[in-house]
Amino acid sequence: MKIDLVCQAPRRREEFQQIIQDFGFEQQDDALFSLYLTEERLELHKQDEPQLGAIFVDFSGGKAAHRRKFGGGKGQAIAKAVGMKKGLVPKVLDATAGLGRDAFVLASLGCDVTMFERHPVVAALLTDGLNRAKSDPEIGSWVSQRMHLAYGSSVRGLKDYLQGSSELSRPEVVYLDPMFPHKKKSALVKKEMRVFHSLVGADTDADTLLDPALQLATRRVVVKRPDYADPLEHRNPTTSIKTKNNRFDVYVTLNKNTNK
């Protein structure tokens, strides 16, 4: 992918070159997006909207830390959606990881979470955020144990996972949060969503994720949707859990030969 690449931390130049190599970036000075490696983190900037500021992954502070401490724990809608209850903390495969916020919430509640992310820029930001979180004295130990990232296509990853895994190693829950067009084009839309829609676009193949997810999950598939959006493939879920602006569509699978 061609993008403007800027290393602002000379001591990290070798690390920056490794990022470029790992994710296949090519320098383009007039690109719409820039990746900056600063002394603290990797940042994404949209050149024609500098007022949006930097996009980066931060699991240690900010909103992530606040939600971890005060977000409601296992009473949160997402926890209920994946089926968390006394004696059951499911293994989750997040097939559309994005900036990893939902994966982090689930991991903070005890879930082992494997994340797929197919866009190189998003995967690079997520990798950087994970690496910094792993060195944090407060959360580093469990982030290292419970959060795992795989860079590549969600559809291909799900199918490869299905073909190469035994029933016992499959995730109990597959979590999907595909990109979806916003109904209102407004400055009120979160800056990350505005940038991501420009960078990544809508997930035009989102519907193709549902079938392999249903085959793979041993207990349920959870699809996060805007409140105005149709279910994936227009397939009615087993149940839905609604929040202020979104809902979690839950498809119970309980695949055969699975301990219930």
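Buried here means under 20% relative accessible area, a cut-off that applies throughout these views of a predicted model.

**View 1. The buried side of helix α8.** Helix α8, which spans residues 191-199, has as its buried residues Glu-192, Val-195, Phe-196 and Leu-199. These four cover an arc of only 100° around the axis, which puts them on the same side of α8. An α-helix has 3.6 residues a turn, so residues three or four places apart point the same way. The cover over the buried residues of α8 includes the strands β3 (33-37) and β4 (42-46), together with the helices α4 (101-108) and α5 (120-134). After α8 comes Gly-201, a residue whose phi is positive, near 85°.

**View 2. Thr-96 and its surroundings.** Thr-96 is found in the loop that runs between β5 (92-94) and α4, and because its relative accessibility is 13%, Thr-96 counts as buried. Its side chain reaches the backbone nitrogen of Asp-177 at 2.6 Å. When neighbours within four places in sequence are left aside, the residues in contact with Thr-96 are Phe-116, Glu-117, Ser-154, Tyr-175, Leu-176, Asp-177, Pro-178 and Leu-209.

**View 3. Confidence along the chain.** The chain has a mean pLDDT of 88, with 90% of its residues reaching 70 or more. Among its elements, β3 has the highest mean pLDDT, 98, whereas the lowest, 70, belongs to helix α7 (residues 154-164). Over residues 256-260 the pLDDT is below 50, although this stretch has seven contacts in the model beyond near neighbours in sequence. Where pLDDT is low, the predicted coordinates should not be read in detail.

Notes. Residues numbered from 1 in each chain as written. Predicted model: local features only at pLDDT ≥ 70, side-chain atom pairs only at ≥ 80, totals over all residues. Heavy atoms only, no water. Buried < 20%, exposed > 50% of the residue type's maximum accessible area, 1.4 Å probe, protein only. Helix = DSSP H or I, 4+ residues; strand = E, 2+ residues; numbered from the N terminus. Arc of directions from axis to C-beta. Contact = heavy atoms within 4.5 Å. Polar contact = N/O pair within 3.5 Å; in protein donor to acceptor, adjacent residues only side chain to side chain. pLDDT = per-residue confidence, 0-100.
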